[in-house]
Amino acid sequence: MSTTNILDKPTLAIIGLGYVGLPLAVAFSEQYSVIGYDINASRIEALQKGIDNTLEVSADAILQSKGLQFTNTLKEYYTELFKPEFLQNGDLQIPFQSIY
């Protein structure tokens, strides 16, 4: 029987995809699965097309980030450890904006 440490290959949840969060999400996605959350739906739509209006990350870098998913959906809050329900697979959360 093999055991796996959750931190061997965690899914990261980065909350806030501005000039700090987006570059981190892209960089982390080179090694990890990353869920990138931003409250702004139009920001998420633009990022899914590779458009970063902060000009911090190139379209190529965004579109080539295979381990990166973008979302702006918050269904209901997962009470344990301040996790929104949609981020329940995020083993490590890195918040860069308030989601309250």
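## Basis of the description

Two strands are treated as paired if DSSP finds at least two bridges between them; strands (E, at least two residues) and helices (H or I, at least four) are DSSP runs, numbered from the N terminus. The model is predicted: local features need pLDDT of at least 70, side-chain atom pairs count only at pLDDT 80 or more, and totals for chains, interfaces and linings use all residues. Residues are numbered from 1 along each chain as its sequence is written, and side-chain values use heavy atoms, leaving out hydrogens and water.

## Strand S1 and its partner

Strand S1 (residues 11-15) runs parallel to strand S2 (residues 33-37), with five bridges joining them. Within this pairing, Ile 14 is opposite Gly 36. Together with helix H1 (residues 21-28), the two strands form a right-handed β-α-β unit; right-handed means that, with the strands pointing away from the viewer, the path from the first strand over the helix to the second runs clockwise.

Five of the five residues of S1 are buried, so the strand is largely enclosed by the rest of the structure. Buried denotes under 20% relative accessible area (1.4 Å probe, protein chains only). Thr 11, Ala 13 and Ile 15 cover one face, while Leu 12 and Ile 14 cover the other.

## Arg 43

Arg 43 lies in helix H2 and, at 7% relative accessibility, counts as buried. Its side chain makes polar contacts of 3.0 Å with the side chains of Asp 52 and Asn 53. A polar contact is a pair of N or O atoms within 3.5 Å; within protein, one must be able to donate a hydrogen and the other to accept it, and residues adjacent in sequence count only if both atoms are side-chain atoms.

Key
Buried < 20%, exposed > 50% of the residue type's maximum accessible area, 1.4 Å probe, protein only.
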